[in-house]
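Here is a short briefing for a reader new to this structure. Please keep the sequence and the model in view while going through the points.

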Amino acid sequence: MLLIITHTAFALAAVPVGVYIFLNKKGTARHKLVGRFWVVLLTIVSMSAIPIQSINPGQYSLIHLFIPFTIGSLIYSIWSIKRFKVTRQQKYRYAHMRSMIGVYVGALLIAGAFTLLPGRFLYGILFG
């Protein structure tokens, strides 16, 4: 149960941090610092999700497909922004932006919506 609570707390923390990043100026020292923090939060969320198997005890569920999606997208995003710094080609900057938006939507909003299904931990807390 502690693992699910930790996973949920980090995921819930990542939501407003992501909104903050999206709404503020890009490329600043603050953007980079908060962005790194956000990547750490999402990495913890992804890694803590691996052993959670409360829907199908002993088995993974479809929601676990978001784990490699999230990790892969974070790696691609970091690689893209590093390539942009070296080449100044806008395609890498846009790849970074699209990938980070994809992680936010996929890993936090869509996967988060699945946690509101009946029988899930968060559903039980919110709807009794």
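**Overall layout**

From the N terminus on, the elements of the protein run α-α-α-α-α. The protein has five helices and zero strands; helices (H or I, at least four residues) and strands (E, at least two) are DSSP runs, numbered from the N terminus. This is a predicted model, in which local features need pLDDT of at least 70 and side-chain atom pairs count only at pLDDT 80 or more, while totals for chains, interfaces and linings use all residues. Residues are numbered from 1 along each chain as its sequence is written, and side-chain values use heavy atoms, with hydrogens and water left out.

**Dimensions, burial and contacts**

- The C-alpha trace spans about 50 × 25 × 20 Å along its principal axes.
- Of the 128 residues in the protein, 35% are buried. Buried means under 20% relative accessible area, exposed means over 50%, and partly exposed lies in between (1.4 Å probe, protein chains only).
- Take the contacts between residues at least 6 apart in sequence: 61% of them join residues at least 24 apart. Contact means heavy atoms within 4.5 Å.

**Helix α1**

- Helix α1 covers residues 2-23, which is 22 residues. From first C-alpha to last, α1 reaches 32 Å, close to the 32 Å expected at 1.5 Å a residue. The expected span is 1.5 Å times one less than the number of residues in the helix.
- The buried residues of α1 are Ile-4, His-7, Thr-8, Ala-11, Ala-14, Val-17, Gly-18 and Ile-21.
- What covers these buried residues of α1 includes α2, α4 (90-114) and α5 (121-127).
- Tyr-20 also has its place in α1. Tyr-20 is partly exposed, with a relative accessible area of 33%.
- Not counting residues up to four places away in sequence, Tyr-20 touches Arg-30 and Val-34.
- Tyr-20 and Gly-112 are 92 residues apart in sequence. In space, their C-alpha atoms are 18 Å apart.

**How α2 meets α3**

- Two packed helices are described by the angle between their axes and the distance between the axes.
- The axes of α2 (residues 29-49) and α3 (residues 66-87) come within 9 Å and cross at roughly 155°. Axes are lines fitted to C-alpha atoms, for helices over the stretch in contact, and angles run from 0 to 180 degrees between N-to-C directions.
- α2 and α3 are therefore roughly antiparallel to each other. Angles over 145 degrees count as roughly antiparallel, under 35 as roughly parallel, 65 to 115 as roughly perpendicular and the rest as oblique.
- α2 passes α3 in a left-handed crossing. A crossing is left-handed if the near helix is turned anticlockwise from the far one by less than a right angle, and right-handed if clockwise.
- On the α2 side, the contact is made by Val-39, Leu-42, Thr-43, Ser-46, Met-47 and Ala-49. On the α3 side, Ile-67, Thr-70, Ile-71, Leu-74 and Ile-78 take part.
- The residues of this contact divide into eight nonpolar, three polar and no charged. Ala, Val, Leu, Ile, Met, Phe, Trp, Tyr, Cys and Pro count as nonpolar, Asp, Glu, Lys and Arg as charged, and the others, Gly among them, as polar.

**Helix α3 and Ile-67**

- α3 has 22 residues and reaches 31 Å from its first C-alpha to its last, close to the expected 32 Å at 1.5 Å a residue.
- The buried residues of α3 are Phe-66, Ile-67, Thr-70, Ser-73, Leu-74, Ser-77, Ser-80 and Phe-84. They pack against α2 and α4.
- Ile-67 is buried, with a relative accessible area of 13%.
- Leaving aside neighbours within four places in sequence, Ile-67 is in contact with Ser-46, Ala-49 and Ile-50.
- Ile-67 and Ile-50 are 17 residues apart in sequence and 7.5 Å apart in space, C-alpha to C-alpha.

**From α3 to α4**

- α3 and α4 pack at an angle of about 160°, with their axes 8 Å apart. That makes α3 roughly antiparallel to α4.
- The crossing of α3 and α4 is left-handed. By class, their contact has 15 nonpolar, ten polar and two charged residues.
- Arg-88 lies in the loop between α3 and α4. Its phi is near 60°, a positive value in a residue other than glycine.
- Arg-88 is exposed, with a relative accessible area of 55%.
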